[in-house]
Amino acid sequence: MNVLEQTEETLKQEIAAAAIQAGLASEAELPAVNLEKPKEKAHGDFATNIAMQLARIAKKAPRKIAEDIVEQLDKSKAQVEKVEIAGPGFINFFMKQDFLEEVIPAILEAGETYGRTNTGNGERVQVEFVSVNPTGDLHVGHARGAAFGDVLCNMLEAAGYEVEREYYINDAGNQIDNLALSVEARYLQALGQDAEVPEDGYRGEDIVEIGKSLHKEYGDKWLREPQADRLAFFKEYGLDFELGKIKQDLADFGVEFDSWFSERTLYDGEQISGALQTLKDGGYIYEEDGATWFRSTDFGDDKDRVLIKGDGNFTYLTPDIAYHKNKMDRGFDQIINVWGSDHHGYIPRMRAAIQALGYPVEKFDVKTIQMVNLFEQGEKQKMSKRAGTAVGLRELMEEIGIDAVRYFFVARSNDSQLDFDLDLARSQSNDNPVFYVQYAHARICTMLELAKSRGFETEGDVDASLLTAEKETDLLKKLGEFPQAVADGAEKHAPQRVTNYVFDLASLLHSFYNAEKVLDPDNEDLTRARIALMKAVRITLANAMGLIGVRAPEKM
RNA sequence: GUCCCAGUAGCUCAGCAGGAUAGAGCAACAGCCUUCUAAGCUGUGGGUCGCAGGUUCGAAUCCUGCCUGGGACGCCA
């Protein structure tokens, strides 16, 4: 727990004690004391609404309750300078200036670990994301999911969760057979033969490439082999190629997985039949029209779902159920899936399956990622996978840069569609929030360099009580909020909390920079204190950017 | 028809488990570089929080209904 939290905690306890002492409520009746940081400076450093909450219990007017609490409050214990009652019954606390003085040493001490908390308490969370079929390149939508999942994991880790990042490889089933057929067609074409990519095959340039490379490597060897052998080989070849590319793209994007889970292993280990048996034992399976059905409507799904088709093959759902059983059996406290929003209709049946298998559905959560629209020169870009105009992650990274792409993708709520302005993301101007934030970091680094070269003392204890300018206390308060912002964002699965935070902090830094001069030869003590402040801001900016996966440059 | 997401300033979006006078960026307008990076800062204008009810001391936030936009509703994956 850091110093600011300590201050808040003490204050909360004192408020609770005062309320009980005033006879407003018993310990059991008293709601949790809520402390907020008022937007309005005139409303103090902290405020509580406890008087309003107690109105019903104490059967008194809120303002009267507030008065009673204030009367009983032991101000000395909680570092309170002044208390005011305002509005409908808010109690506003003005803290003694020195409550902020501990912030800088705490940050300098923590360094790279500043922002970490233990709200997660070591709970094990598994996040499965991207999980794109290995049949083509990652496009912008996948990229958004990748950025979201990765940043979410970073935040969860910072908040004290034990996180596993997993990618589910759909390397079995229909779509992979289609991949093999598509590769075959391109191979034959590379040999100059007349061949058509099947109706539901894959038409991407990458498949053409695979065909060519097969031709180069093997000549017409596979023409002479039986088709079954040929397809079996092409399947593996195509899979390796596509998966290799996906892995490379993700790695370049800064996303590393702890585990790559192959769908095939579910077949090998008889996990699918096991899952089916469990469902059957529960009485959730029935036969109709030559197919095997899962009665998902027992758990609120719209309709029942086919598990085994009339032709004897599984539907996509069946191995997926086994996969989730596998995940559950691995003992995670929480399982988070990041899916494209176009798969949201799939959620009820998966929830149903988890319940039918006998697992607590509260452990299962799905985050859906809304569509990305690319804009260039004010025009929305038409994207179609089929027409080959879909923009890939690779292209985006090369054109825009990893930093901007990652930042833009997590700056918005996953529930909102994202208008991605390519010109803005590319621009090296103040309009671009990524540069704005990075510039703040670089500015500080330059100052710190300069401080050294001009011979200012940059180490040792400083007198933080000298930092009383408005811009300075603003910065100190904001710095103190960082761990809470991260923990909050992690808890709510809201990465945009961190982009918002880091933008605000950068803004305060720029504002401070323009208002006050850090390196002042005529005031060494103040200079030392400000250098320490700059270090603390730099650390916090860097840590926040680290969570987003954006570089913190020392020069720009 | 059912389900999911969104609807907040001209535009793009925040709004933290209900709180005080709803915020930011862009755009518009007016200022700030003999001084640590002007990739920056300061100020001004701009709002029926889609609509209608409800819950309560208090609603952009929770509930219900409706409207608009996007998406999903397969023995595809």
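Two residues are taken to be in contact if their C-beta atoms, placed from the backbone, lie within 7 Å. In the predicted model described here, contacts of this kind in chain A between residues at least 6 apart in sequence join, in 73% of cases, residues at least 24 apart. The secondary structure of chain A comprises 19 helices and 15 strands, and 41% of its 556 residues count as buried. Taken along the principal axes, the C-alpha atoms of the chain fill a box of roughly 90 × 65 × 40 Å.

Chain A is divided into four parts, namely domain 1 (3-100), domain 2 (125-166 + 256-369), domain 3 (174-252) and domain 4 (430-548). The centres of domain 1 and domain 4, calculated over C-alpha atoms, are separated by 30 Å, and the contact between these two domains draws on four residues from domain 1 and six residues from domain 4. On the side of domain 1 that touches domain 4, two residues are nonpolar, one is polar and one is charged.

RNA strand B is surrounded by 75 residues, of which Ala 47, Asp 289, Tyr 316, Gly 345 and Asn 430 are the closest. By class, the surface near RNA strand B consists of 24 nonpolar, 32 polar and 19 charged residues. Several elements each supply at least two residues of this surface, among them helix 2 (50-58), strand 4 (90-95), helix 6 (174-190) and strand 15 (418-421), and helix 17 (470-491) and helix 18 (496-515) likewise each supply at least two. Helix 16 (433-453) also belongs to this group, and its eight residues represent the largest share of the surface near RNA strand B.

How values were computed: Residues are numbered from 1 along each chain as its sequence is written. Chains are lettered from A and ligands numbered from 1 in the order in which they are written. This is a predicted model: local features need pLDDT of at least 70, side-chain atom pairs count only at pLDDT 80 or more; totals for chains, interfaces and linings use all residues. Domain bounds come from an automatic or database domain assignment. Ala, Val, Leu, Ile, Met, Phe, Trp, Tyr, Cys and Pro count as nonpolar, Asp, Glu, Lys and Arg as charged, and the others, Gly among them, as polar. A residue is near a molecule or strand if its C-beta atom, placed from the backbone, lies within 6 Å of it. Helices (H or I, at least four residues) and strands (E, at least two) are DSSP runs, numbered from the N terminus. A residue is buried if 20 or more other C-beta atoms lie within 10 Å of its own, exposed if 12 or fewer, and partly exposed in between; C-beta atoms are placed from the backbone.
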